[in-house]
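Subject: Structure handover and findings

Hello,

The structure we talked about is pasted below. My notes on it follow.

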Amino acid sequence: MIEDALGIALTQRVIFSAFFASVLCGIVGTIIVEKNIVMMSGGIAHMVFGGVGLGFLMGFEPLLGALAFALTGAIIIAAMKKKDSRHFDGTIGVLWALGMALGSIFIYLKPGEPPDIHVYLFGDIEAVRLADLYPMALLTIVTIVLAFAYINHLKSYLFDELFADATGSASVAFDYLLYAFVGVSVVVLLRLVGIILAIALLTIPPMIAGRFTKKIETTMVLASVLGFIFSLSGMVLAYKYALPSGATIILLASIAFTATLPAAR
Amino acid sequence: MKVAEGEFMGIIGPNGGGKTTLAKVILGIKEASEGSVLVYGMQPRKVRGIVGYVPQFTTFEKDFPISVGEVVLTGLLGKVKPFRRFGKEELLKADSIMERVGIRHLKEKGVKTLSGGATQKMLIARALAIEPKILILDEPTASIDTKSKDSIYDLLKELNSEMTIILITHDLGVISAYVESIACLNVELFYHGESEINENIIEHTFGCPVDLLAHGVPHRVLKHHKKEGEPK
């Protein structure tokens, strides 16, 4: 009886977290994909690991460290992009590896039993705590409101940044805001699918959705729905066959991605 | 160098010569590293909305899911404001601009389905939506067929009665036929005033001989670029 009650509570928590993550990924991921900044987002995502390690070493919440590193990475990358830096792409690769290296060193330096970093790399749906749901919900709502408020400016920015800039219809703030959202989204996805798989959950649903939609708004909605379907069915499968949940979700998404290839124009 | 109001000016030069950079400086989205640009006597950054820009084909996202009508409307957006939606008047205005450049029937079409010529007209319509006094076009005919080219240049000729046009191009034949004055840009800028064109100037700008072949173009002779102190 008690086990059942625990099971239901866990299930509800899991469903809610999958829902928030999917909507967040649907909106932010669509922008990432359309703006062709998957590499940059990957850089920000992997920098997060440095923050996780720092949290362990200094004894504060690793997710807070992750958030700090995510935002720092976002600012560095947006500033580099604005300056039109040479070897922009290569430098992102450096930040990418540096984040992982810092994380490993910090964790190694911490005396005592090493923490289970597996959860941070690949996620574990059962690791999602009730307390994680509130920031997830808040961030999802903020994202929806911002996307709704600035949808027309966003279209201008995504279609032709130069023109948007020249006419004032999208400011530099868009860049910083976008990268910050990428960073924060990765932190939110951390417990669900982990650093390494986060980029897949951000990009696969929008890419599939884009094959069937003609407007960015519908791409965002369909991507959210698809993300939710992949997450839920992935979790059910993982539970049934005792597989790792994060990896199962991404595997399902990848199968759907391949299966819908013929619909790509 | 000065561009007079109502002029139709051409800027020619090879890739990497700084043509697009010059356009960005005039638009106020890039600072000039040397010298300065004034638009109506003011810093370009302060007079946004006076200069309309038609970008090169490589700078915008051709695959982005957006309709022709929506793209033209982005020209009306202006400054970033939350919950910005388009009013009835703005929608009608966008329609009439599309009518004018001849793409009204493509309004609901997705950008990625358009031909090169139609895409170019859409970008011109978007630039017109900001009601510019100056229109800058960066290689507007780089990837379109001759027939569409002609219709675009005719459109520009017509627009020239209302606004100054600055045309950045490789298309030397067109420079001769439509343009009133020429500047050559290959890192250095040379201004030629009244358009005159011959093999020397082209060779000087591009660094290699270029065939000059155009029908019905009156023969013009362009003076050499003169450095200070050189005899005339």
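Along its sequence, chain A runs α-α-α-α-α-α-α-α-α-α-α. That is eleven helices and zero strands, where helices (H or I, at least four residues) and strands (E, at least two) are DSSP runs, numbered from the N terminus. The radius of gyration of chain A is 18 Å, close to the 18 Å given by the globule rule for 265 residues, so chain A is as compact as a globular protein of that length. The radius is taken over C-alpha atoms, and the rule is 2.2 Å times the number of residues to the power 0.38.

This is a predicted model, in which local features need pLDDT of at least 70 and side-chain atom pairs count only at pLDDT 80 or more, while totals for chains, interfaces and linings use all residues. Residues are numbered from 1 along each chain as its sequence is written, chains are lettered from A and ligands numbered from 1 in the order in which they are written, and side-chain values use heavy atoms, with hydrogens and water left out.

Chain A overall

Taken along the principal axes, the C-alpha atoms of chain A fill a box of roughly 60 × 40 × 30 Å. Of the 265 residues in chain A, 54% are buried (buried is under 20% relative accessible area, exposed over 50%, partly exposed in between, with a 1.4 Å probe and protein chains only). Among the contacts in chain A with a separation of 6 or more, 77% are between residues 24 or more positions apart; contact means heavy atoms within 4.5 Å.

Helix 2 of chain A

Helix 2 of chain A covers residues 38–58, and at 1.5 Å a residue its 21 residues should span 30 Å; the end C-alpha atoms are 31 Å apart, which agrees. The expected span is 1.5 Å times one less than the number of residues. In helix 2 of chain A, 15 of the 21 residues are buried, so the helix is largely enclosed by the rest of the structure. Gly59(A) follows helix 2 of chain A and has a positive phi, near 80 degrees.

Aromatic rings

A pair of aromatic rings is described by the distance of the centres and the angle of the planes. Rings of Phe, Tyr and Trp (its six-membered ring) pair if their centres lie within 6.5 Å; planes under 30 degrees apart count as stacked, over 60 as edge-to-face and the rest as tilted. Searching the whole structure gives nine aromatic pairs over all chains. In one of them, Phe56(A) and Tyr120(A), the ring centres are 5.9 Å apart and the planes stand at 90 degrees, so the pair is edge-to-face. Phe56(A) is in helix 2 of chain A and Tyr120(A) in helix 5 (residues 118–122) of chain A, so the pair ties together parts 64 residues apart in sequence. Tyr120(A) is buried, at 8% relative accessibility.

Another pair is Tyr150(A) with Phe174(A), with centres 6.3 Å apart and planes at 80 degrees, so this pair is edge-to-face. Tyr150(A) lies in the loop between helix 6 (130–149) and helix 7 (151–159) of chain A, and Phe174(A) in helix 9 (residues 172–210) of chain A, so the pair ties together parts 24 residues apart in sequence. Tyr150(A) is partly exposed at 23% relative accessibility, whereas Phe174(A) is buried at 12%. Ring pairs also join Phe16(A), Phe19(A), Phe20(A) and Phe228(A) into a cluster.

Charges over rings

A charge sits over a ring if NZ of Lys or CZ of Arg is within 6 Å of the ring centre and within 35 degrees of the ring normal. The charged end of Arg211(A) sits over the ring of Phe257(A), 4.2 Å from its centre.

Thr143(A), in helix 6 of chain A, is buried, with a relative accessible area of 5%. Neighbours within four places in sequence aside, Thr143(A) contacts Leu24(A), Ile27(A), Val28(A) and Phe181(A). Leu237(A) belongs to helix 10 (residues 216–241) of chain A and is partly exposed, at 31%.

Chain B

In chain B, strand 1 (residues 8–12) and strand 5 pair in the parallel sense over four bridges (strands pair if DSSP finds at least two bridges between them). Gly10(B) stands opposite Ile182(B) in strand 5 of chain B. Five of the six residues of strand 5 (residues 181–186) of chain B are buried, so the strand is largely enclosed by the rest of the structure.

Regards
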